[in-house]
Amino acid sequence: MNSLRDWLRPLLPTRQPGRDTRSKTAPRVSQETAPTTGVAFELTRKPIKRIYLRLKAPDGKITVSAPHSVSLNHIDNLLHERQDWIRQQQTRIRQTTASTSTEPLGHGAPIQCLGQHLALHITAGARSNRAEPDAGILRLHRREANPTPAQIKLGLNQHLREILQQTLDERMPHWARHIGVDPSFIGIKRMKTRWGSCNVRDRRIWLNLELARMPVECIDLVLVHELVHLHERRHNARFYAFMDHYLPDWRKWQAELQRYGMAGL
Ligand SMILES: [Zn+2]
C-alpha cells in the first residue's frame, strides 16, 4: 500500500435508524464502481469516522475506506470532486514505478494489442521493418542485424499507431454521425496521464497511442466520451446522461481502462 495522503472530510450522517443490522466492527472489502462517474475502486467498510482515500502502487488503483453509514453516492461525489488530484497522484505513482522497472522489451515479451495478449517475436536482419500478428504472436521484423530496445520499441509503437488509426477509421464516422457532432481533427499521440482530450472550441480530439493496447470497446468509450464533449464541455449530469444514452455500458469499459492504470478522459 502506497499511502500518499489521507483524504479527510467530516461526514454527513446518512444512516437511517433501523437500517443495516450487519456487524459494525468487522471490515468488509468489496470492488465497486461509482454510479455516476464510473470510477472503479476498492471499498473497505469499517468502524471509522471519516473517509480515507489512497492510491496503491504500482498501478494507481483507488482504495477507499469508509464508515458503514456512508452511501455509495456520497463516495461517488467525492471521487468526482477529487478527480484531478487522483489523476495527478496516479501519474506520480506510475512514473515512479516505470523509472524503477528495467524490464527489457525483447524477444518473448508480452504485448497487448486491441485487448489481445501476444508474445513478441523479433526477426533481425529483415528486408523491411514491419509487424504482423500471427496466432498469439506479434512478429516484429527489423532491418537491423541486432536491434536495440529503442529500435524494437519504435517498431512496436509504429504498429500500435497503425492498428489504432485503422480502428479509428472504422469507428469514428459511425460515432460522429450517431452523436451528431463534427470534429475538425482527430489525432493520435503519446500522453502520460490521459486516454483522450478534446478542445471543444477548435473541435480537436487527441487520443492516446496506448489505446491501441485496449479492447475495441474501450476505444469506443474514449471516442464517445470525447465526442460527447462537443455537446457538453464539463463532466456534469448532462454529460453523463449523454454517455448513458449513447453507450449504456460505458462504466464497465471505463473500469477496464482504469485497471490498465490511467484515469484521465
Ligand atoms: Zn472528459
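A residue is called buried here if 20 or more other C-beta atoms lie within 10 Å of its own, exposed if 12 or fewer do, and partly exposed in between. By that rule, 26% of the 265 residues of the chain count as buried in this predicted model.

**Figure 1. Helix 3 against helix 4.** Two packed helices are described by the angle between their axes and by the distance between the axes. For helix 3, which covers residues 149-179, and helix 4, which covers residues 216-228, the angle is about 40° and the axes are 10 Å apart. Helix 3 and helix 4 are therefore oblique to each other, and their crossing is right-handed. On the side of helix 3, the contact is made by Thr 167, Arg 171, Met 172, Trp 175, Ala 176 and Ile 179, which meet Val 216, Ile 219, Asp 220, Leu 223, Val 224, Leu 227 and Val 228 of helix 4. Sorted by class, the residues in this contact of helix 3 with helix 4 are 10 nonpolar, one polar and two charged.

**Figure 2. Helix 4 against helix 5.** Helix 5 covers residues 237-246, and it packs with helix 4 at an angle of about 135°, the two axes being 10 Å apart. That angle makes helix 4 oblique to helix 5, and the crossing of the two helices is right-handed. The residues that make the contact are Val 224, His 225 and Val 228 from helix 4, together with Phe 239, Phe 242, Met 243 and Tyr 246 from helix 5. In the contact of helix 4 with helix 5, six residues are nonpolar, one is polar and none is charged.

**Figure 3. Helix 4 against helix 6.** Here the angle between the packed helices is about 110°, and the axes of helix 4 and helix 6 are 9 Å apart. Helix 4 is therefore roughly perpendicular to helix 6. Glu 217, Cys 218, Leu 221 and Val 224 of helix 4 meet Trp 250, Trp 253, Gln 254, Glu 256 and Leu 257 of helix 6. The contact of helix 4 with helix 6 consists, by class, of six nonpolar residues, one polar residue and two charged residues.

**Figure 4. The buried face of helix 6.** An α-helix has 3.6 residues a turn, so residues three or four places apart point the same way. In helix 6, which covers residues 250-260, the buried residues are Trp 250, Arg 251, Trp 253, Gln 254, Leu 257 and Gln 258. Seen down the axis of helix 6, these buried residues fall within an arc of 165°, so they line one face of the helix. The elements that cover them include strand 1 (28-33), strand 2 (40-45), helix 4 and helix 5.

**Figure 5. Two loop residues with a positive phi.** Most residues other than glycine have a negative phi. Leu 114, although it is not a glycine, has a positive phi of about 45°, and its place is in the loop between strand 5 (110-113) and strand 6 (116-123). With 19 C-beta neighbours inside 10 Å, Leu 114 counts as partly exposed. Ala 135, which is also not a glycine, has a positive phi near 40°, and this residue is found in the loop between strand 7 (130-134) and strand 8 (137-141). Because Ala 135 has 5 C-beta neighbours inside 10 Å, it counts as exposed.

**Figure 6. The surroundings of Arg 204.** Arg 204 is found in strand 11, which covers residues 204-208, and with 15 C-beta neighbours inside 10 Å it counts as partly exposed. When residues up to four places away in sequence are not counted, Arg 204 touches Ser 184, Phe 185 and Asn 199. Arg 204 and Ile 186 are 18 residues apart in sequence, and their C-alpha atoms are 6.1 Å apart in space.

**Figure 7. Thr 193 and Arg 92.** Thr 193 lies in the loop between strand 9 (185-189) and strand 10 (196-199), and it counts as partly exposed, with 16 C-beta neighbours inside 10 Å. In sequence Thr 193 and Arg 92 are 101 residues apart, while in space they are 9.5 Å apart, C-alpha to C-alpha.

Note on methods: Residues numbered from 1 in each chain as written. Predicted model: local features only at pLDDT ≥ 70, side-chain atom pairs only at ≥ 80, totals over all residues. Axes fitted to C-alpha atoms, helices over the stretch in contact; angles between N-to-C directions. Helix = DSSP H or I, 4+ residues; strand = E, 2+ residues; numbered from the N terminus. Parallel < 35°, antiparallel > 145°, perpendicular 65-115°, else oblique. Left-handed = near helix turned anticlockwise from the far one by under 90°. Contact = placed C-beta atoms within 7 Å. Nonpolar A, V, L, I, M, F, W, Y, C, P; charged D, E, K, R; others polar. Arc of directions from axis to C-beta.
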